Amino acid sequence: MTSTRDHGYARYKLDGCRCYTCGWAVAQYNDAREHAIRRGEWQPYVDATPVREHLLRLRDCSLGTRRVAAIAQVDRKRLFAVLNGRPERGAGPQERVRPALAAAVLRVEPTLDNLGAATPISSVGTHRRLTALVAAGWPQTYLAKRLGTSNGGFGNLLGRSQVIVRTARRVRALYDDLWLSDPREHGVGARSFSRARNHGASHQWAPPGAWDEDTIDDPWAFPDWTGRCGTTGGEYVHFRIGVPVCDACRAARREHRAAVKAPAA
Ligand SMILES: [Zn+2]
Ligand SMILES: [Zn+2]
């Protein structure tokens with residue numbers, strides 16, 4: 001399963017695409033959106049165009065007017081008027097709206113909590129959570145059971161580039177439940193525990209401690225194994241704690257060497 005969304009807002013938000021087109025589209029768009037929200041602070045009415053455009057982008061993310069109205073706590077009829085007008089009265093799409101309505105709609109962004117349960121999204125956060133739990137000593141059979149799937153289903157999950165929102169939420173809840181616990185205090189035998197840890201280590205799967213809850217879903221985030229990963233000091237800590245040097249530390253070393261070699265300007 002790979003994404004079929006065009007590059008742009010929805011692909012950036014849901015598929016975690018960080019290509020130039022997606023990044024540029026979202027940066028430009030966020031500027032315009034912030035501007036539209038600010039403009040409303042001192043006007044009785046504002047242009048409805050940014051609201052309409054935002055509704056269309058949210059629709060690309062499978063967030064329809066019903067759901068947006070519920071999240072923004074506005075009357076769905078008002079969103080219809082902005083999108084389609086009132087054909088029964090011969091009125092086209094509404095041109096101006098109250099700033100409060102505009103701001104409420106413009107602040108809605110797709111998240112794991114408000115997207116539809118069947119919407120396909122990037123599997124990045126799901127993979128990181130599951131592999132982190134294995135690295136921490138939770139056997140795959142245990143995790144598969146807790147997720148209501150088979151071992152094969154679990155392996156399948158790890159091989160996918162996309163998952164549906166329902167699965168991502170389930171994995172997030174399981175991770176939140178387990179990541180601070182010791183598997184051996186929850187019925188996992190000593191042998192299964194070390195087998196899981198060895199499996200994680202052999203795949204260089206980062207443990208929960210290397211991830212930050214705020215960024216674990218961010219495709220640009222990398223695991224911090226040493227507390228200094230991505231800096232020139234990180235490599236030394238890898239050697240000290242006996243963990244293979246990670247990509248971020250390797251890149252930092254390359255950069256450092258190139259800088260040392262370069263003739264002084
Ligand atoms: Zn892209
Ligand atoms: Zn590192």
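Predicted model: local features only at pLDDT ≥ 70, side-chain atom pairs only at ≥ 80, totals over all residues.
## The zinc site at ligand 1

Let's start with the zinc ion that is ligand 1. Its protein donors are His7 through ND1, plus Cys17, Cys19 and Cys22, each through SG. The angles among the four donor atoms run from 100 to 115°, and the site is tetrahedral.

How accessible are the cysteines here? Cys17 has a relative accessible area of 15%, so it counts as buried, the cut-off being under 20%. Cys19 comes out at 25% and therefore counts as partly exposed.

## The zinc site at ligand 2

The zinc ion that is ligand 2 is held by Cys229 (SG), His238 (NE2), Cys246 (SG) and Cys249 (SG). Here the distances to the metal are 2.1 to 2.3 Å. With donor angles of 105 to 115°, this site is tetrahedral. For comparison, the ideal angle for four tetrahedral donors is 109.5 degrees.

Along the chain, the donors of ligand 2 follow C-x8-H-x7-C-x2-C. Is His238 buried or exposed? His238 is buried, with a relative accessible area of 0%. Cys246 is buried too, at 7%.

## How α4 and α5 pack

Now for a pair of helices: α4 covers residues 65-72 and α5 covers residues 76-84. Their axes come within 9 Å and cross at roughly 125°, which means α4 is oblique to α5. The crossing is right-handed.

Which residues of α4 and α5 meet? On the α4 side they are Thr65, Arg66, Val68 and Ala69. On the α5 side, the partners are Arg76, Leu79, Phe80 and Leu83.

## Two loop residues with positive phi

Ser62 has a phi near 65°, a positive value in a residue other than glycine. You'll find Ser62 in the loop between α3 (49-60) and α4. With 41% relative accessibility, Ser62 counts as partly exposed.

Gln204 is another non-glycine with a positive phi, this time about 55°. Its place is the loop between α11 (190-202) and α12 (234-241). Gln204 has 42% relative accessibility, so it counts as partly exposed.

Technical notes:
Residues numbered from 1 in each chain as written. Chains lettered and ligands numbered in written order. Heavy atoms only, no water. Donors = N, O, S within 2.8 Å, 3.2 Å for Na, K, Ca; no water. Tetrahedral: all angles 85-135°; square planar, octahedral: opposite > 155°, others 65-115°. Buried < 20%, exposed > 50% of the residue type's maximum accessible area, 1.4 Å probe, protein only. Axes fitted to C-alpha atoms, helices over the stretch in contact; angles between N-to-C directions. Helix = DSSP H or I, 4+ residues; strand = E, 2+ residues; numbered from the N terminus. Parallel < 35°, antiparallel > 145°, perpendicular 65-115°, else oblique. Left-handed = near helix turned anticlockwise from the far one by under 90°. Contact = heavy atoms within 4.5 Å.
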